[in-house]
Amino acid sequence: GHVSQNTGDTVFWAGQNSTSQLRVFSLPEGTGSYSWQDIDINSYTNTDYTSFAPDGTDWLQFMAGFPGDGIIGATRRQGDGWSELWLAWTAGRGGGFDHPHIQIVEIDTVNWTVINQWQIWNPDHAFAYPCLATNWDQEVGISLAWGGNVAYGGFAVGFLGDFVVWYSE
């Protein structure tokens with residue numbers, strides 16, 4: 001996984017032990033040592049990342065190698081007495097999803113429990129390559145790729161919770 005950025009006094013990174021468990025690493029500033037927590041999540045699919053553009057090209061062909069289901073989105077929300085780590089990655093087709101989609105897990109870093117796990121998906125096209133960031137108002141933004149079926153691969157941005165992503169045409 002990628003190392004989190006702009007996350008205050010602790011840096012985080014994570015990887016999957018399996019499709020139903022994450023290993024989350026943390027390195028508090030100035031300590032010189034890191035620790036980790038294994039966190040159970042809802043299972044997801046990590047096979048078949050195909051998504052075909054209108055000309056028949058698999059625009060997600062690169063997913064079969066790097067990053068696969070690697071956790072490439074990581075950000076932190078925090079306030080007085082609370083801290084959340086949000087992680088995102090691309091999951092494959094299957095398990096009720098007709099196209100590759102994005103899995104997001106919100107983790108309480110005070111007691112290391114899952115707050116929420118949800119997906120960014122659509123029945124008509126794929127979502128992939130998530131990147132997360134938190135602003136000063138503790139809103140989580142996302143950039144991602146989308147495409148397939150009647151759309152070539154493209155780029156979109158939005159705020160998580162709005163259920164809308166914006167793209168140029």
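In what order do the 3 strands of the open sheet come, and is their pairing parallel or antiparallel? Their order is β1-β2-β3, and the pairing is antiparallel. The legends below take this sheet and a few other views in turn. This is a predicted model, in which local features need pLDDT of at least 70 and side-chain atom pairs count only at pLDDT 80 or more, while totals for chains, interfaces and linings use all residues. Residues are numbered from 1 along each chain as its sequence is written, and side-chain values use heavy atoms, with hydrogens and water left out.

**View 1. The whole chain is built from strands.** The secondary structure comes to 0 helices and 11 strands; these are DSSP runs numbered from the N terminus, with helices (H or I) of at least four residues and strands (E) of at least two. The radius of gyration is 16 Å, close to the 15 Å that the globule rule gives for 169 residues, so the chain is as compact as a globular protein of that length. Here the radius is taken over C-alpha atoms, and the rule is 2.2 Å times the number of residues to the power 0.38. Along its principal axes, the C-alpha trace spans about 50 × 30 × 25 Å. Buried residues make up 43% of the 169, where buried means under 20% relative accessible area, exposed over 50% and partly exposed in between (1.4 Å probe, protein chains only).

**View 2. Here is the open sheet of β1, β2 and β3.** At the edges stand β1 (10–18) and β3 (35–40), each with a single partner strand, so one side of each is left without a neighbour in the sheet. Strand β2 (residues 21–28) runs antiparallel to β1, and 8 bridges join the two; strands pair if DSSP finds at least two bridges between them. Look for W13, whose bridge partner in β2 is F25.

**View 3. Aromatic rings gather around W13, F25, Y34 and W36, which ring pairs link into a cluster.** Rings of Phe, Tyr and Trp (its six-membered ring) pair if their centres lie within 6.5 Å; planes under 30 degrees apart count as stacked, over 60 as edge-to-face and the rest as tilted. By this rule the count comes to 9 aromatic pairs. The rings of W13 and F25 have centres 5.3 Å apart and planes at 5°, so this pair is stacked. W13 is partly exposed at 22% relative accessibility, whereas F25 is buried at 18%. W13 also pairs with Y34: the centres are 5.8 Å apart and the planes at 55°, so that pair is tilted. Since Y34 sits in the loop between β2 and β3 and W13 in β1, the pair ties together parts that are 21 residues apart in sequence. Y34 itself is partly exposed, with a relative accessible area of 47%.

**View 4. Next comes the hairpin of β4 and β5.** In β4 (residues 73–79), 5 of the 7 residues are buried, so the strand is largely enclosed by the rest of the structure. It is joined by 7 bridges to β5 (residues 82–91), and the two run antiparallel. R77 stands opposite E84 in β5. The hairpin has 2 residues between its strands, and G81 takes a positive phi near 85°.

**View 5. D137 sits in the loop between β8 (126–134) and β9 (140–148).** D137 counts as exposed, at 62% relative accessibility. From its C-alpha atom to that of Y49, 88 residues apart along the chain, the separation is 34 Å.
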